[in-house]
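Biologist: I would like to learn how to read a structure like this one. Could you walk me through it?

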Number of protein chains: 4
Amino acid sequence: MLDPVDAVAMLGEVGAWGVNFHDNDLVPIDATPADRDRIVTAFRRACEKHGIVVPMATVSLFSDPVFKDGAFTANDPAVRAYAVQKTMRAMDLGAELGAKTFVLWGGREGTETDACRRPDEAVKRLREAIDFLCEYSIDRAYGYRFALEAKPNEPRGDIYMATTGNYLGFIPTLGHPDLVGVNPEVAHETMAGLNFTHAVAQAWEAGKLFHIDLNDQVSGRYDQDFRFGAANLKASFFLVKFLEDVGYDGPRHFDAHAYRTEDYEGVKEFARGCMRTYLIMKEKAMRWNADAEIQAIVKAAHEAGQAAPSFAKYSSGQRDAVLDAPLDRTVLAARGLGYEKLDQLTNEIILGIR
Amino acid sequence: MLDPVDAVAMLGEVGAWGVNFHDNDLVPIDATPADRDRIVTAFRRACEKHGIVVPMATVSLFSDPVFKDGAFTANDPAVRAYAVQKTMRAMDLGAELGAKTFVLWGGREGTETDACRRPDEAVKRLREAIDFLCEYSIDRAYGYRFALEAKPNEPRGDIYMATTGNYLGFIPTLGHPDLVGVNPEVAHETMAGLNFTHAVAQAWEAGKLFHIDLNDQVSGRYDQDFRFGAANLKASFFLVKFLEDVGYDGPRHFDAHAYRTEDYEGVKEFARGCMRTYLIMKEKAMRWNADAEIQAIVKAAHEAGQAAPSFAKYSSGQRDAVLDAPLDRTVLAARGLGYEKLDQLTNEIILGIR
Amino acid sequence: MLDPVDAVAMLGEVGAWGVNFHDNDLVPIDATPADRDRIVTAFRRACEKHGIVVPMATVSLFSDPVFKDGAFTANDPAVRAYAVQKTMRAMDLGAELGAKTFVLWGGREGTETDACRRPDEAVKRLREAIDFLCEYSIDRAYGYRFALEAKPNEPRGDIYMATTGNYLGFIPTLGHPDLVGVNPEVAHETMAGLNFTHAVAQAWEAGKLFHIDLNDQVSGRYDQDFRFGAANLKASFFLVKFLEDVGYDGPRHFDAHAYRTEDYEGVKEFARGCMRTYLIMKEKAMRWNADAEIQAIVKAAHEAGQAAPSFAKYSSGQRDAVLDAPLDRTVLAARGLGYEKLDQLTNEIILGIR
Amino acid sequence: MLDPVDAVAMLGEVGAWGVNFHDNDLVPIDATPADRDRIVTAFRRACEKHGIVVPMATVSLFSDPVFKDGAFTANDPAVRAYAVQKTMRAMDLGAELGAKTFVLWGGREGTETDACRRPDEAVKRLREAIDFLCEYSIDRAYGYRFALEAKPNEPRGDIYMATTGNYLGFIPTLGHPDLVGVNPEVAHETMAGLNFTHAVAQAWEAGKLFHIDLNDQVSGRYDQDFRFGAANLKASFFLVKFLEDVGYDGPRHFDAHAYRTEDYEGVKEFARGCMRTYLIMKEKAMRWNADAEIQAIVKAAHEAGQAAPSFAKYSSGQRDAVLDAPLDRTVLAARGLGYEKLDQLTNEIILGIR
């Protein structure tokens, strides 16, 4: 693994904007306070030198064997306390480097056998920990927004908060729901065969898309973390198109790994490839939006039944208008929607022949 | 398919408590008002005769080709209005038969190509429809609670609200979140390889487990809807144990289908098997709870670090207590948790040799 | 569904080369002999008129409820005999229309519960049927080559011959292995998350790629049969590249279905899209082969250790040469292979920006 | 990880029959010849002391970074030669300890990007290596039978020989097909959602079940290698029943790993649990075979159409008998098969209440 200072240099060289890290990527878990300060100073200088910012920080609650039964949800109260303590210190570290987003990925919060605890108990423990950390951020005036990152499995057999949806359901039950959003990751949602852009869209629409992890993945596999666009060009296109269409202005974090076949040069190619593919897809999304034939198909699909009664706002009048509307299902069903052509044209935009 | 009146007779014969139906299972989509009334009367009499109640009603927003592009989320406003109209009428029907839970499964709310609409637009349309239907229930004093049922795919390539978690995240954004909960289904969560009991537990803990659909399923497949317990005995055990441990008192709805190899007798065996397996697992859950060796392992795992500082409530004192607590991660990591033995003993309870 | 004569007309219009059918797509299962002859005559004329050939025929051993427990592997000997009889007649029909390849897809040859028969018994029954059918083809001088088509599940819970590999293993155990090969289908292999091109390559290398079914599919789902290239552009590229590189000269059969949203025009667009995407990928494959930077990376990866001893042919000399060769694993491991760059360049060929 | 000598002691303590190992589990990859001999001697003595045999040996062609692009299929000829050399030495080691089965698992024989080589080239390279190793075994009179072990993915994105079926298709193309069979592993076939017992049955029926790896796994996940029976009790039952029914007399190799939560005692429980669950299932299989109600359902399903013409042997007489047989598909389709009851009774055998 690259030394953090060298990693920052490489990121500067390939044209990246920022860098993130787990606490122990930067400061070894057994570093002395003096070591820690020296490392942090060197790292900050490297960031300044190469023009790299630290928008997000996070904490490793998964590598160390202490978390083998979970971190915030472990059965042992001392492990839970250690996880909270470690996170508080990682928050201190991130704040020192200017981070305003704090990601929490509960990779060990799960089970191989559900005999070990009741799963609703795990939810309560998770809430307790996150509520405490929100208070800590307020107390220290760190100004963090927390971004919760879901994953269905691996390293645990089953992780409690398996999908971005689960976190979107969990957040409104917290003490400070306004401080907490999600950090969806392409690979994590795709592992379960779910449509990642749909999950991102729901998070965005709810005002909860605080951060995003970009990479690529084949469904039904171990966590591959491929270069952005390496596995599914079409899904990458729709994702970039969505982020650009809605004006997402948070970080585009490439949380990916180069193939094991690569040397240092190969890793640089990998890093460049992530950013380059994003920009290629952004350009294609603009082209798609400007394509008259494509827009005509989409428009036609939306405008067929404009005379239908609205149910946007309830009233006794609208109730009766909807109940009595003369809507003929066989007529409505007969219309072709042109989606085969629409999808083929979309593919041809992606393939660069349109 | 069985006639609804005959189905009620069979359910009475095998000892079921209640029956549910999609509107068009009972009343054909093209029935006249007079047909409808005659059918409903005959059905109600059959229910009374066989001692079967109708706790839940629902609406088919998926079988008819009119919904080929979605129902509440279809691009054509007239299709959306038709879907709302059809649901209002199904609510009338359900109320007439005494139903207090109304299930909404958006099986067509999805896409084969995401070129057809922006996915955040779909979320907005879904909200608009459900808000309107909540108002309708209040207006008519039907007293419904709505239970939203997720599914990742099939009949659509990707369904928008893919998991129970997605609905748990969606509900707090509604106009009447208190009226709306979820209806998780074993097969639907399992199709995506997710741990069903974890999803149920999150819903329960949030007060949103309004209904549950029991059946069985192999991951990564088409919707199999197997007899309860047919595919995964261990998952069935943990599910029943959870429902019984927390005292879930809503309907246990077996939404399953007999193998295509079966005749009428086979379908009865199938229906009996669903209920019988539930009761077997309930008995095994009680045995598990009473097993001293099992309980000792669980207790030991929970009690190791009782001297650890609490972070249940934030204060500057507790902040410092957590930050300063002398927690040694190598000591904590060294403890064996006994989960292999715990899981083997659990298996032996299930296998009936303990 | 389109009438077969109309379907041939559409295929002629969109520029297809051939058409295939299941016996009952053309001749209803309950047709009289006179009906059959009339239908066949009309169909042959339509083919002649539109310049469409019939390279392959097949038999439906799955739609009718008689096959609910399997066809060649059903427990009931009469069902097995009926399946063989029906296939013999479908062979007659195909031969009459000029088909030289006969596809067998055993969609019902499987189980929902393995309690119903021993799975090795199913293998024996399958062999018995195919051996008999090979003899029938020889006897009648039909000149068929049989192409066996695997699928992991759906309509059955588990199908016995789940992957193309299973059939490649089964064929050498037959009475006439030379007459029997495989018909891999993109969707069927992809459902199980397997790399389709790898399976095709193994079949090709073994001389067993008698036919191929092209469409598209997302892993871990029901059988989607999407338009070729609709789901995974990169996998489609590698598949076309392989078929073109090796000079596969059998039919390229698009066994796909248009989205349910389509009308007649949409189905034509769908059919055109399948063929168009194949040709686009073929052009991109040629471009890839001609790209000097890409070829240099591939060449470098292959040539590093040319001085290594060969083990292509065993002898005591080569044995000792291999045993004694001074091969330093740390030196060999240190080489970067440039695959990130190679893959990114490949993506850029596909995306049309190279 | 346990020292091999200690591992043998534990295996003796828990009652195991044999032990297997990868070459480098026993002898470190960088051991000197003197170290090697000392280690082997100590290990053999431990085996003798604890009554443990070494029925199978294998070689690690995956852990070392030298294999990052494959072993027998790597692009670099020197890596391929190194892989063959290393395997020859592992064969020497295994022979010295009495092993008669040699397992080859090509965990690195695959790709992340198919741009790196043509997949048919990989098949040819694999054949070349295995042919050479077969000759080496003959030359040295080691008497090995080789058992090839498939896996769909992980550590590589896609492994070439993805399923047991692929190897069954590959073996007949080898120089010494009689020396080569398969080593199916529960987890590997199950990862791809395939029915493991079906694959085992095909291998058995072809005379190719040379070895078997028992553990457990959830579909669509990373390689979990759970304790036998930990994930899917029903699949474990059908597997054991098959192995016992056919009289498989090879090793039952538990290739599993304890949860990461376990200490030394927990690992022992895990090892005991594997063997204990196998024996429990064996007893249940006997009970199933002896259950009159179960046997009656199976018998009825098999005997319905005994008057049907046979197609076991082709002749013009049997041809005509089959073609002319009066088989009525609607009558055949109408029979219920009783599989719901059969499966429920099977479940009740497994659950120990029958």
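Modeller: Happy to; we will take confidence, rings, charges and symmetry in turn. This is a predicted model, where local features need pLDDT of at least 70, side-chain atom pairs count only at pLDDT 80 or more, and totals for chains, interfaces and linings use all residues. Residues are numbered from 1 along each chain as its sequence is written, chains are lettered from A and ligands numbered from 1 in the order written, and side-chain values use heavy atoms, without hydrogens and water.

Biologist: What pLDDT does chain A average?

Modeller: pLDDT is the predictor's confidence in each residue, from 0 to 100. Chain A averages 96, and 100% of its residues score at least 70.

Biologist: How many aromatic pairs are found over all chains?

Modeller: A pair of aromatic rings is described by the distance of the centres and the angle of the planes. Rings of Phe, Tyr and Trp (its six-membered ring) pair if their centres lie within 6.5 Å; planes under 30 degrees apart count as stacked, over 60 as edge-to-face and the rest as tilted. The whole structure has 64 such pairs. One of them, B:Tyr136 with B:Tyr142, is edge-to-face, with 6.0 Å between centres and 80 degrees between planes.

Biologist: Where does D:Arg145 lie?

Modeller: A charge sits over a ring if NZ of Lys or CZ of Arg is within 6 Å of the ring centre and within 35 degrees of the ring normal. D:Arg145 lies over the face of D:Phe210, 3.6 Å from the ring centre. In chain C, C:Arg145 lies over the face of C:Phe210, at 3.7 Å.

Biologist: Which rotation superposes chain D on chain A?

Modeller: Two copies of a chain are related by a rotation about an axis and a shift along it. Here the rotation is 180 degrees with 0.0 Å of shift along its axis, and chain D then superposes on chain A with an RMSD of 0.0 Å (by least squares on the C-alpha atoms of residues with pLDDT of at least 70 in both). That is the relation of a two-fold axis.
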